[in-house]
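Open the model in your viewer and keep the sequence panel beside it.

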Amino acid sequence: MNNKVFKESLIGRISAALGRDVKEPRLLNPLVLAYIGDTVYDLYVRTNLVLTRDATAHGLHLMASKRVCAKAQAEALQRILPTLSEDEQYIFRRGRNSHMGTVPKHAQMSDYRAATGLEALLGYLYLKGEDERLDRLMGEMLSIQSEE
């Protein structure tokens with residue numbers, strides 16, 4: 001990746017501000033990728049809601065909760081799955097097939113696994129500094145949620 005592009009990405013700017021090097025994302029445990037990807041997904045969803053909805057903080061929280069649950073993420077994933085590169089599919093599968101300690105009571109196992117795979121992919125793209133690709137995928141997923 002072009003070092004200049006990486007430095008201009010959000011992760012590049014954060015790592016520079018903290019004086020830390022970014023680890024090679026492909027070598028990280030997929031659940032670690034999902035950990036950061038969960039936050040990335042949440043940030044995009046909440047930002048989209050703030051920019052498109054007129055609601056109280058509590059109302060925005062309720063709307064966000066409906067969009068960041070495993071079921072909603074699994075549904076959003078279906079929209080982008082055919083567009084993923086081989087590398088992206090590999091990262092998604094690693095996340096989906098990871099051994100998870102527990103599954104929330106209110107989530108189906110298939111949805112939870114798909115959501116974890118999606119979050120691993122988003123974490124991977126974020127840590128690689130691929131903001132443009134991340135923006136494109138999130139835009140496609142959020143466009144379907146905006147119709148609700």
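Start with α3, residues 30–52, and pick out R46 and D42: they are four residues apart in this helix, so about one helical turn separates them. Helices here are DSSP runs of H or I with at least four residues, strands are runs of E with at least two, and both are numbered from the N terminus.

Before going further, note that this is a predicted model, in which local features need pLDDT of at least 70 and side-chain atom pairs count only at pLDDT 80 or more, while totals for chains, interfaces and linings use all residues. Residues are numbered from 1 along each chain as its sequence is written, and side-chain values use heavy atoms, with hydrogens and water left out.

**Stop 1: salt bridges**

Show the side chains of R46 and D42. They form a salt bridge, with 2.8 Å between the closest N and O atoms. The term covers a side-chain nitrogen of Lys or Arg within 4 Å of a carboxyl oxygen of Asp or Glu. R46 has 36% relative accessibility and therefore counts as partly exposed; D42, with a relative accessible area of 22%, is also partly exposed. The cut-offs are under 20% relative accessible area for buried and over 50% for exposed, with partly exposed in between (1.4 Å probe, protein chains only).

How many salt bridges does the structure hold? There are six, and two others among them come next.

Select E75 and K71 in helix α5 (residues 70–80), where they sit four residues apart, about one turn of the helix. Their salt bridge has its closest N and O atoms 3.9 Å apart. K71 is exposed because its relative accessibility is 51%, whereas E75, at 45%, is partly exposed.

Then move to helix α8 (residues 131–146) and select R136 and E132, again four residues apart, about one turn of the helix. Their side chains meet in a salt bridge at 3.3 Å, N to O. E132 is exposed at 60% relative accessible area, and R136 is partly exposed at 40%.

**Stop 2: the crossing of α3 and α7**

Two packed helices are described by the angle between their axes and the distance between the axes. Display α3 together with helix α7 (residues 109–128): their axes come within 6 Å and cross at roughly 85°. The axes are lines fitted to C-alpha atoms, for helices over the stretch in contact, and angles run from 0 to 180 degrees between N-to-C directions. α3 and α7 are therefore roughly perpendicular to each other; that label covers 65 to 115 degrees, with under 35 roughly parallel, over 145 roughly antiparallel and the rest oblique.

To see the meeting faces, select residues on both helices. The α3 side includes L31, A34, G37 and Y41, and the α7 side includes T116, A120, G123 and Y124. Contact means heavy atoms within 4.5 Å.

**Stop 3**

T116 is buried, with a relative accessible area of 6%.

Next select L121, also in helix α7. L121 counts as buried at 0% relative accessibility. Beyond residues up to four places away in sequence, L121 touches L84, E88, I91 and L137.

Go on to Y124, which is in helix α7 too and is buried at 2% relative accessibility. Apart from neighbours within four places in sequence, Y124 is in contact with P25, R26, L33, D87 and I91. Draw a C-alpha to C-alpha distance from Y124 to G37: it reads 7.4 Å, across 87 residues of sequence.

**Stop 4: R94 in α6**

Select R94 in helix α6 (residues 86–96). Leaving aside neighbours within four places in sequence, R94 is in contact with R26, L28, N29 and P30. R94 and L31 are 63 residues apart in sequence and 8.9 Å apart in space, C-alpha to C-alpha.

**Stop 5: a surface patch**

Finish with L10, I14 and L18, which make a nonpolar surface patch of about 250 Å². Patches are made of residues with over 30% relative accessible area and no salt bridge; like charges are joined within 9 Å, and nonpolar side chains (Val, Leu, Ile, Met, Phe, Trp, Tyr) within 5 Å. Accessible areas come from the Shrake-Rupley method with a 1.4 Å probe, and for residues only the protein chains shown count as cover. L18 lies in helix α2 (residues 10–18) and is exposed, at 58% relative accessibility.
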